[in-house]
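Here is a friendly briefing to read alongside the model.

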Amino acid sequence: MKRLWLIIGSLVTIGLVVIGVMLVAPKPPVPVEIKRAVTSTIMVPQVREVEVSRDSMIYDSKLKLLSFTVAAYGVKTVVSEQPTPESFIDIPQVYDKVVTNMNEYSKFDSDSGTVHLTRPKDLKGKQAAVMNAKGTLMFVKPDRDLSDEQWRKLFNGLEVVK
């Protein structure tokens, strides 16, 4: 009888540990149903100072547009990703012209690709970053300006979601 209680106690302990791990284990940054639907490479910031809002992830299948918000260095930031348009692939100068028309003021190379910092007229001079890499066109728009160092950390911390 003593042995039976020992086995039951062990099973209850193991069950509680499993439940505890499930409750504290971090969820993947992109919900499974969205990950399955997106046709391009998904890149998500994995930097300590950047928190991805998993609940804000929206995928518009007609536009093939994934958008979500992150808190980057205390600044609310909207990230949009879509497949690289065919015109950018066929004629690379088209992408260069788009970035120029967005009032590019700086650019740098990140681990994922070249990032263009811009101040588009339609955003009334607010910052926006653009990157075309790995088959994905990415736009990042913060509510307030980020420093050059913050931009670099953000883009160097991008990880491909598999």
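Tyr 73 is buried, with a relative accessible area of 18%; buried means under 20% relative accessible area, exposed over 50%, and partly exposed in between, with a 1.4 Å probe and protein chains only. This is a predicted model, in which local features need pLDDT of at least 70, side-chain atom pairs count only at pLDDT 80 or more, and totals for chains, interfaces and linings use all residues. Residues are numbered from 1 along each chain as its sequence is written, and side-chain values use heavy atoms, with hydrogens and water left out.

**Overall layout**

- The protein has five helices and 10 strands; helices (H or I, at least four residues) and strands (E, at least two) are DSSP runs, numbered from the N terminus.
- Of its 162 residues, 36% count as buried.
- Among contacts with a separation of 6 or more, 47% come from residues 24 or more positions apart, where contact means heavy atoms within 4.5 Å.

**Around Tyr 73**

- Tyr 73 sits in the loop between β4 (65–72) and β5.
- Leaving out residues up to four places away in sequence, Tyr 73 touches Val 47, Glu 49, Val 50, Leu 146, Gln 150, Lys 153 and Leu 154.
- Tyr 73 and Arg 48 are 25 residues apart along the chain, and their C-alpha atoms are separated by 9.3 Å.

**Around Thr 77**

- Thr 77 belongs to strand β5 (residues 75–83) and is buried, with a relative accessible area of 0%.
- At 3.0 Å, the side chain of Thr 77 reaches the backbone oxygen of Val 75. A polar contact is a pair of N or O atoms within 3.5 Å; within protein, one must be able to donate a hydrogen and the other to accept it, and residues adjacent in sequence count only if both atoms are side-chain atoms.
- Not counting residues up to four places away in sequence, the residues that Thr 77 touches include Phe 68, Val 70, Val 140 and Pro 142.

**Aromatic rings**

- Rings of Phe, Tyr and Trp (its six-membered ring) pair if their centres lie within 6.5 Å; planes under 30 degrees apart count as stacked, over 60 as edge-to-face and the rest as tilted.
- By this rule there are three aromatic pairs. In one of them, the ring centres of Phe 108 and Phe 155 are 6.4 Å apart and the planes stand at 75°, so the pair is edge-to-face.
- That pair links distant parts of the chain, with Phe 108 in strand β6 (residues 104–109) and Phe 155 in helix α5 (residues 148–156), 47 residues apart.
- Phe 108 and Phe 155 are both buried, and ring pairs link Phe 108, Trp 151 and Phe 155 into a cluster.
- Arg 119 lies over the face of Tyr 105, 5.1 Å from the ring centre; a charge sits over a ring if NZ of Lys or CZ of Arg is within 6 Å of the ring centre and within 35 degrees of the ring normal.

**Strand β9 and Phe 139**

- Phe 139 is in strand β9 and is partly exposed, with a relative accessible area of 22%.
- Beyond four places in sequence, Phe 139 touches Val 78, Val 79, Ser 80, Met 102, Ala 129 and Val 130.

**Positive phi**

- Most residues other than glycine have a negative phi, and most peptide bonds are trans.
- Asn 103 has a positive phi of about 60° although it is not a glycine. Asn 103 lies in the loop between α4 (92–101) and β6 and is partly exposed, at a relative accessible area of 33%.
- Lys 124, also not a glycine, has a positive phi near 55°. Lys 124 is in the loop between β7 (114–118) and β8 (128–133) and is exposed, with a relative accessible area of 78%.

**The loop at Gln 46**

- Gln 46 is located in the loop between β1 (43–45) and β2 (50–52) and is partly exposed, with a relative accessible area of 41%.
- Gln 46 and Val 160 are 114 residues apart in sequence and 9.7 Å apart in space, C-alpha to C-alpha.
- Apart from neighbours within four places in sequence, Gln 46 is in contact with Pro 29, Gly 157 and Glu 159.
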